[in-house]
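Biologist: Please take a close look at a single part of the model shown here and describe how its surroundings are arranged.

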Amino acid sequence: MNKDWERIAEPRGEELYRITTHAPGPAGALPLTPELLRESPSGDLFGWTQNVGMGLPPSRLGGKEILLLSTLGGIRKDNGEAVALGYHTGHWEVGLLMQAAAEEINAVGGIPFAGYVSDPCDGRSQGTTGMFDSLPYRNDAAIVLRRLIRSLPTRKAVIGVATCDKGLPAMLLALAGTPSLPGVIVPGGVTLPPTHGEDAGKVQTIGARYANGDISLEEAADMGCRACATPGGGCQFLGTAGTSQVIAEALGLTVPHAALAPSGQPIWTELARQSARAAMSAAEEGITSRHILTDSAIRNAMVVHAAFGGSTNLLLHIPAIAQAAGLRVPDVADWASINRSVPRIVSVLPNGPVPHTTVRAFLAGGVPEVMLRLRGHGLLDESALTISGKTWGEVLDWWESSERRRRVRELLRTVDGIDPDTVIYSPAQARAAGMASTVTFPVGNLAPEGSVIKSAAIDPSVVNERGIYEHLGQAKVFTTERDAIKAIKTGSISAGDIMVLIGRGPSGTGMEETYQLTSALKHLPYGKEVSLLTDARFSGVSTGACIGHIGPEALAGGPISKLRDGDWVEIVVDLNELTGSINFVGEGAERFGYEEGARRLQSRPPHPSLAPDPKLPDDTRLWAALQAASGGIWRGSVYDVDRIIELLEAGKRALAPVPEYANSEEGA
């Protein structure tokens, strides 16, 4: 018998049986009128009943209702002590932002409501089957968030509080998909780096470095303990979390200078109050997401992405935001054009050249400082409106001479001894420092639909004097990430190899993020001389000659599915022109051109081990099918409802049984 049976089934205590079966209810009366009773939906009236049931004084009814949505996770006491952990630091403290915003709304007679859709952590799920749910989560969460918005019909504005890789893009999609409401994003900020130790990106490589003898067990244990030096906020590098915050601000959906604030500190909490004031003002002025999210806003966000050197995962999220808002969806040509014309001017982890943390980018001036540095170069549309009610031109006019700008930049000098102009450069200074634009989109017989590489993060020592990365090497092909990381840890990968990881796109794994591979290669001595090709995606902190998003994916018949161990692959990436190619060019001792390579690939069968991961959830299989029907990853892995319905209807007609009379002479 279970020794804990008594405590499980029948705990002791008289207080358990002090049960009441009725209560007097709240005092007072609803402020109803004959008109309200005759004309209002019953839901509105019952909503008032529930509001006072939850403790709202009846006298407060009728105030402007503002919906606060958040990705909060975990349970923490008021003193910060953990009762139940969240999935990650990025959603651990955002309840404090919710509380600050709610207090501000209450103070002016509004009525705050709060709802929650927690989010996963890509860092926690690296190398596990949890990664199979990462990207699909974004679409699911956006749907749920939109349903929550619509389920409070009386809300006048929505404030979305989110921080990290998938929760913040989901929140952006939700606000983009509700264009008739004012929508404000409150970015959850960043965690601080340890005073002595490694950032949260590098510390994820302790396993690979220990396996290769580069660090001791004691060093791994010590650095792993201290990497998240404060309990809240996104990672200290400009990965997908930080980049998503930057993009939210560049779109005009935040108050000025909101992205990358240090979590838990007064300037961070005050941003929530500012955002509440902006939401109330926007509701009063009739400024909705439709006024903020325009084609110009999308382009501004792409320009700022290039200037920051942001995560390539935003190539999935920005098109999805545009689609949700009913705007033109940017394509590969748009990304390439913008990255050729926009200088990268932010020196921050992981791209550098100096590995400044994200909190330093905030103190150097963040998004408004970057946009100020780009002003006058014809790259920004300053007429785009922001949720503050001001255009970007007006915001930048204020920022240039603001006390906030002066104070935060001076703090960076005095606290860290860092010149803010060495974190956020002028375009001329960036050119002098040799900072290249961020991303390149290689094509070739292995990627006829395209691919992406964060070319700015290729180790400069392997780039020739003409600014070109060239690698001719033999492929080592893997069909699971587990086998690929095992090869790295056991010494089966050598300098000069080209690792090829296939079957890890949407249809195979939900397009998993393979940061454990890219991070291991970055921090191993020979890693800069190894290239990686995959139909999966990379973390925003990934660096090196790593080419992902290869399309078509292997399981959709992409030619990358035909590669075998020992095949010769040629990679060329021009960091100046932002052009590139990846081609199959040889078998054994034989070499040939890319056209002959394409012909041979076409005649080959797929790799014998290629298959969807056996642990791929049905939920993710459905997501993969729906996003493929909607245009796939290069349209943002969205759900295009009209296109999906069209294909379903066509499929139903094709599969419909033929009536018997159709085959008879009478029906002929």
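Is Gly189 buried or exposed, and what is its relative accessible area?

Modeller: Gly189 is buried, its relative accessible area being 0%; buried means under 20%, exposed over 50% and partly exposed in between, with a 1.4 Å probe and protein chains only. The model is predicted, so local features need pLDDT of at least 70 and side-chain atom pairs count only at pLDDT 80 or more, while totals for chains, interfaces and linings use all residues. Residues are numbered from 1 along each chain as its sequence is written, and side-chain values use heavy atoms, with hydrogens and water left out.

Gly189 lies in the loop that runs between β6 (183–187) and α8 (206–211); helices (H or I, at least four residues) and strands (E, at least two) are DSSP runs, numbered from the N terminus. Leaving aside residues up to four places away in sequence, Gly189 touches Thr163, Gly233, Gly234, Gln245, Leu260, Ala261 and Trp268, where contact means heavy atoms within 4.5 Å. Trp268 is 79 residues from Gly189 in sequence, yet their C-alpha atoms are 7.2 Å apart in space.

Leu168, Pro169 and Leu172 of α7 meet Ser244, Gln245 and Ala248 of α10. By class, this contact has four nonpolar, two polar and no charged residues; Ala, Val, Leu, Ile, Met, Phe, Trp, Tyr, Cys and Pro count as nonpolar, Asp, Glu, Lys and Arg as charged, and the others, Gly among them, as polar. The axes of α7 (residues 167–176) and α10 (residues 240–250) are 9 Å apart, at an angle of about 25 degrees. Helix α7 is therefore roughly parallel to α10, as angles under 35 degrees count as roughly parallel, over 145 as roughly antiparallel, 65 to 115 as roughly perpendicular and the rest as oblique. Axes are lines fitted to C-alpha atoms, for helices over the stretch in contact, and angles run from 0 to 180 degrees between N-to-C directions.

Five bridges link β5 (residues 157–162) and β6 in the parallel sense, and Ile159 stands opposite Val184 in β6.

How values were computed:
Pairing = 2+ DSSP bridges.
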